[in-house]
Amino acid sequence: MSTAAETPELAVDITGLRKSFGHVEVLRGIDVQVKRGEVVCVIGPSGSGKSTLLRCVNVLEEPTAGSVVVDGVELTDPDVDIDAARTKIGMVFQSFNLFSHLDVLNNLTIAQTKVLKRSKAEAKQTGLANLERVGLAGRETAMPGELSGGQQQRVAIARALSMNPDVMLFDEPTSALDPELVGDVLVVMRRLADEGMTMLVVTHEMQFAREVADKVLFMDDGVVVEEGPPEQVIGNPQEERTRTFLSRVLNPVHVDRAE
């Protein structure tokens, strides 16, 4: 088995990954490699296993079979310290998952002090720096409920960045946002990509994938159907399933209203 320890340019090495819920096999033998500093976008229809794949990378879901290696540590090894390994992986969810009873700064510092054991002063300094990084300097005393969805998602990104992760996972980070708020979040993600952050992104934003991704994976029915650079997978797909999906996403059919 290839491991990131043997191939140091790899940040994430997923081999033979399978995940079943009861009798339903959601992932059916996934192989994915993400190099350091690379942005890999995962596209595909709802129910294809994209979010489950991401949740298996940091073992929020325990894989049924296969291996997940992140920064040379096999997270699927039963003897691994999963909590320590997870500190190297930032995760941004669809639904922000901020603590509604804590202000922005406390959302950014609580994991730093409790998990990384940083001092309150260091955690505050790190949190404020990352808040500025996502374009929200000066909003540290706001409560999540006072922020727009796009601002909450940028706080969630700042919170993940405050743990100094080696890899960032994004699970459809703009799907819960109103259309006019999507752009601000994508700007932050583009900036992270430009800075060299390793990113694995599940997204429906085809323009983002086309412009920012180093590699695009198209998933359907629990398998990777096609992968390659965006100009190939999105611009000139080889597989019929990929072409059908993209034609629906890029050229949505206008359904006639019922009489």
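Is T52 buried or exposed? In this predicted model, T52 is buried, because its relative accessible area is 14% (buried means under 20%, exposed over 50% and partly exposed in between, with a 1.4 Å probe and protein chains only). The residue belongs to helix α1, which spans residues 50-57 (helices are DSSP runs of H or I of at least four residues, strands are runs of E of at least two, and both are numbered from the N terminus). Beyond the residues up to four places away in sequence, T52 touches K19, F21, V26 and L27 (contact means heavy atoms within 4.5 Å).

Residues are numbered from 1 along each chain as its sequence is written, and side-chain values use heavy atoms, with hydrogens and water left out. As the model is a predicted one, local features need pLDDT of at least 70 and side-chain atom pairs count only at pLDDT 80 or more, while totals for chains, interfaces and linings use all residues.

Two packed helices are described by the angle between their axes and the distance between the axes. Helix α3 covers residues 104-114 and helix α5 residues 149-161; their axes come within 8 Å and cross at roughly 30° (axes are lines fitted to C-alpha atoms, for helices over the stretch in contact, and angles run from 0 to 180 degrees between N-to-C directions). The two helices are therefore roughly parallel to each other (angles under 35 degrees count as roughly parallel, over 145 as roughly antiparallel, 65 to 115 as roughly perpendicular and the rest as oblique). The crossing of α3 and α5 is right-handed (right-handed if the near helix is turned clockwise from the far one by less than a right angle, left-handed if anticlockwise). On the α3 side the contact is made by V104, N107 and L108, and on the α5 side by V155, A158 and R159. By class, the residues of this contact of α3 with α5 are 4 nonpolar, 1 polar and 1 charged (Ala, Val, Leu, Ile, Met, Phe, Trp, Tyr, Cys and Pro count as nonpolar, Asp, Glu, Lys and Arg as charged, and the others, Gly among them, as polar).

Helix α3 also packs with α4, at an angle of about 130° and with the axes 9 Å apart. That makes α3 oblique to α4, and the crossing is again a right-handed one. From α3, the contact draws on V104, L105, L108, T109, Q112 and T113; from α4, it draws on K120, E122, A123, K124, T126, G127, L128 and L131. The contact of α3 with α4 comprises 6 nonpolar, 5 polar and 3 charged residues.

What are the buried residues of α3? They are V104, L105, N107, L108, T109 and Q112, and they pack against α4 (120-133) and α5. The N-terminal end of α3 is capped by D103, with a side-chain oxygen 3.3 Å from the backbone nitrogen of L105 (a polar contact is a pair of N or O atoms within 3.5 Å; within protein, one must be able to donate a hydrogen and the other to accept it, and residues adjacent in sequence count only if both atoms are side-chain atoms).

The remaining pair is α4 and α5, whose axes come within 9 Å and cross at roughly 135°. These helices are therefore oblique to each other, in a right-handed crossing. Here N130, L131 and R133 of α4 meet V155, A158 and L161 of α5, and the residues of the contact divide into 4 nonpolar, 1 polar and 1 charged.

Some individual residues round out the picture. T203 sits in the loop between β8 (198-202) and α7 and counts as buried at 3% relative accessibility. Its side chain reaches the backbone nitrogen of E205 at 2.9 Å, and, leaving aside neighbours within four places in sequence, T203 is in contact with C41, V42, I43 and E172. R210 is found in helix α7, residues 206-212, and is partly exposed at 36% relative accessibility.

K88 lies in the loop between α2 (82-86) and β6 (89-92). With a relative accessible area of 41%, K88 is partly exposed. Not counting residues up to four places away in sequence, K88 touches P165, D166 and V167. K88 and E61, 27 residues apart in sequence, are 17 Å apart in space, C-alpha to C-alpha.
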